[in-house]
Amino acid sequence: MLKSKITLRLAASFLLVVLVSLALLGAYLLNYFHDRTMEKERDSLILNAQIIEMTLADKLYTHDDVLAAISQQISRETDLRITILDENGTVLADTSEPADTLDNHLQREEVQEAMNHEYGTATRYSQTLKENRMYAAVPVYNNGRLIGIIRTSASLAASEQAYADIVRSICFAL
């Protein structure tokens, strides 16, 4: 009788150690997955902003409808929101809303960061689109002078759904 109680306690202790280890591993992998996904999304947005800058180089900051039309075409093909700002943060073109209805973007986190570095990024809830989005802004220079910012953004809905699915899977497995 004593031997079976000891065996039962050892088995229960072993099971508890295994479950705690799996939970810790799951939490670590979940955090790793989230960080890598956000890093890849950020890098993709920055690269796309740089490509858009090169694509629109001769049309940037002409303040005409051609800029908005080309931005809309690129947006449809890439599923990105594209915002083109002048050096003062005034929206010249936006693919989700008419530019003249949007407020000045100069104080946005990603714009401020881009004005002082090679790029700027931020993740926040978009009041305009009513969803969490990641933003990347890239400064545009002409002869060493800042002439504007190209900002791209993408929805985080798919990443958030994948994250939630993994959390459910881990919880179910435990």
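**Hairpins, salt bridges and a surface patch**

Me: Which residue in the turn of the hairpin formed by β1 and β2 has a positive phi?
Reply: Strands β1 and β2 form a hairpin with 4 residues between them, helices (H or I, at least four residues) and strands (E, at least two) being DSSP runs numbered from the N terminus. The model is predicted, so that local features need pLDDT of at least 70 and side-chain atom pairs count only at pLDDT 80 or more, while totals for chains, interfaces and linings use all residues. Residues are numbered from 1 along each chain as its sequence is written, and side-chain values use heavy atoms, with hydrogens and water left out. The residue in the turn with a positive phi, of about 90 degrees, is Gly 89.

Me: Which residue of β2 stands opposite Thr 83?
Reply: The two strands β1 and β2 pair in the antiparallel sense over 3 bridges, where pairing requires that DSSP finds at least two bridges between two strands. Opposite Thr 83 in this arrangement stands Asp 94.

Me: With which residue does Arg 81 form a salt bridge, and is Arg 81 buried or exposed?
Reply: Arg 81 forms a salt bridge (a side-chain nitrogen of Lys or Arg within 4 Å of a carboxyl oxygen of Asp or Glu) with Asp 94, the closest N and O atoms being 3.1 Å apart. This pair links distant parts of the chain, as Arg 81 lies in strand β1 (residues 81–86) and Asp 94 in strand β2 (residues 91–94), 13 residues apart. On the scale where buried means under 20% relative accessible area, exposed over 50% and partly exposed in between (1.4 Å probe, protein chains only), Asp 94 counts as buried at 8%. The partner of Arg 81 is thus Asp 94, and Arg 81, with a relative accessible area of 4%, is buried.

Me: How many helical turns, about, separate Arg 36 and Glu 39?
Reply: The side chains of Arg 36 and Glu 39 meet in a salt bridge with an N to O distance of 3.3 Å. Arg 36 counts as partly exposed at 35% relative accessibility, and Glu 39 also counts as partly exposed at 35%. Because they are 3 residues apart in helix α1, their separation is about one helical turn.

Me: Which residues are joined with Arg 124 into one network of salt bridges?
Reply: The side chains of Arg 124 and Glu 110 meet in a salt bridge at 2.7 Å, N to O. The pair links distant parts of the chain, Arg 124 being in strand β3 and Glu 110 in helix α3 (residues 109–116), 14 residues apart. Salt bridges that share partners join Arg 124 into one network with Glu 110 and Arg 151.

Me: Over the face of which residue does Arg 124 lie?
Reply: Strand β3 (residues 120–126) pairs with strand β4 (residues 131–142) in the antiparallel sense over 7 bridges, and Arg 124 stands opposite Arg 133 in β4. A charge sits over a ring if NZ of Lys or CZ of Arg is within 6 Å of the ring centre and within 35 degrees of the ring normal. At 4.2 Å from the ring centre, Arg 124 lies over the face of Tyr 135.

Me: In which helix does Leu 29 lie, and is Leu 29 buried or partly exposed?
Reply: Leu 29 lies in helix α1, which spans residues 2–55. With a relative accessible area of 44%, Leu 29 is classed as partly exposed. The helix asked for is α1, and the class of Leu 29 is partly exposed.
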